[in-house]
Amino acid sequence: MTTAATVWLTGLPSAGKTTIAHELAARLRAEGHRVEILDGDEIREALSAGLGFSRADRDTHVRRIGYVAELLARNGVLALVPVIAPYADSREAVRKHHDSNRTPYVEAHVATPLQVCSARDVKGLYAKQAAGELTGLTGVDDPYEEPASPDLRIPSQHQSVQESAAAVYAVLTERGLL
């Protein structure tokens, strides 16, 4: 039997959060688990349209995603949430919401160094920031508050996507969530 949960993957832009989530989702689905990926960029378009990138807007965006993730998890779905979520207090609010509903929550920090993220530059954000076309890039000219004590820290620059997904899978298994 599956005990659902939220797996929150936080980290800098281009850290590998979404890639890890998709790898993990494929494995979980192959085993018959109900899984949804709540990608931060997709949710921003669907549920947070009109929000900007101020601290207050980012907080609102994170809390909305957290609410949907908890709702899914409470109803038997493993919610994988690859989202930057740059502020510790926003992430803590999401964790507390899960705790208040007794919904399992796992925070994984995809701890990829800024230099590696910049070299990957999946969406071209770092190049735009360097060219002066973008301001407020998390980790560059806007803060990213690293989790002080995540449930898992993933050094994605030192392991494959499969190894990173397996590390999250192992935590879920250890906690009896799979």
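## Briefing: contacts, packing and backbone in a predicted model

Ala 165 touches Ile 20, Glu 23 and Leu 24 when residues up to four places away in sequence are not counted, where contact means heavy atoms within 4.5 Å. This is a predicted model, in which local features need pLDDT of at least 70 and side-chain atom pairs count only at pLDDT 80 or more, while totals for chains, interfaces and linings use all residues. Residues are numbered from 1 along each chain as its sequence is written, and side-chain values use heavy atoms, with hydrogens and water left out. Helices (H or I, at least four residues) and strands (E, at least two) are DSSP runs, numbered from the N terminus.

- Ala 165 lies in helix H7, and at 5% relative accessibility Ala 165 counts as buried; buried means under 20% relative accessible area, exposed over 50%, and partly exposed in between, with a 1.4 Å probe and protein chains only.
- Although Ala 165 and Lys 17 are 148 residues apart in sequence, their C-alpha atoms are 9.9 Å apart in space.
- Two packed helices are described by the angle between their axes and the distance between the axes.
- Helix H1 (residues 17-30) and helix H7 (residues 161-174) pack at an angle of about 65°, with their axes 9 Å apart; here axes are lines fitted to C-alpha atoms, for helices over the stretch in contact, and angles run from 0 to 180 degrees between N-to-C directions.
- The contact is made by Thr 19, Ile 20, Glu 23, Leu 24, Arg 27 and Leu 28 of H1, together with Val 161, Gln 162, Ser 164, Ala 165, Ala 166, Val 168 and Tyr 169 of H7.
- The crossing of H1 and H7 is right-handed, a crossing being left-handed if the near helix is turned anticlockwise from the far one by less than a right angle, and right-handed if clockwise.

**Charges over rings**

- Arg 27 lies over the face of Tyr 169, at 3.5 Å from the ring centre; a charge sits over a ring if NZ of Lys or CZ of Arg is within 6 Å of the ring centre and within 35 degrees of the ring normal.
- In another such arrangement, the charged end of Arg 44 sits over the ring of Phe 53, 4.0 Å from its centre.

- Leu 9 has its place in strand E1 and is buried, with a relative accessible area of 0%.
- Residues up to four places away in sequence aside, Leu 9 touches a set of residues that includes Lys 17, Ile 20 and Ala 21, as well as Val 81, Ile 154 and Val 168.
- Leu 9 and Ala 111 are 102 residues apart in sequence, and 9.9 Å lies between their C-alpha atoms.
- Trp 8 also lies in strand E1, and its contacts beyond four places in sequence include Val 62, Ile 65, Arg 91, Val 94 and Tyr 105.
- A search of the whole structure finds 1 aromatic pair; rings of Phe, Tyr and Trp (its six-membered ring) pair if their centres lie within 6.5 Å, and planes under 30 degrees apart count as stacked, over 60 as edge-to-face and the rest as tilted.
- Trp 8 and Tyr 105 form this pair, which is tilted, at 6.3 Å centre to centre and with 35° between the planes.
- The pair links distant parts of the chain, with Trp 8 in strand E1 and Tyr 105 in strand E4, 97 residues apart, and both residues are buried.

**Helix H4**

- Helix H4 (residues 88-100) has 13 residues and reaches 18 Å from its first C-alpha to its last, close to the 18 Å expected at 1.5 Å a residue, the expected span being 1.5 Å times one less than the number of residues.
- The buried residues of H4 are Ser 90, Arg 91, Ala 93, Val 94, Arg 95 and His 98, and they pack against strand E1 (6-10), helix H3 (55-74) and strand E4 (105-110).

**Loops and backbone**

- Most residues other than glycine have a negative phi.
- Arg 102 has a positive phi of about 55° although it is not a glycine; its place is in the loop between H4 and E4, and Arg 102 is exposed, with a relative accessible area of 79%.
- Asp 121, likewise not a glycine, has a positive phi of about 35°; Asp 121 is in the loop between helix H5 (114-120) and helix H6 (125-130), and at 16% relative accessibility it counts as buried.
- Glu 31 is found in the loop between H1 and strand E2 (35-37) and is partly exposed, with a relative accessible area of 39%.
- Glu 31 and Gly 52 are 21 residues apart in sequence and 38 Å apart in space, C-alpha to C-alpha.
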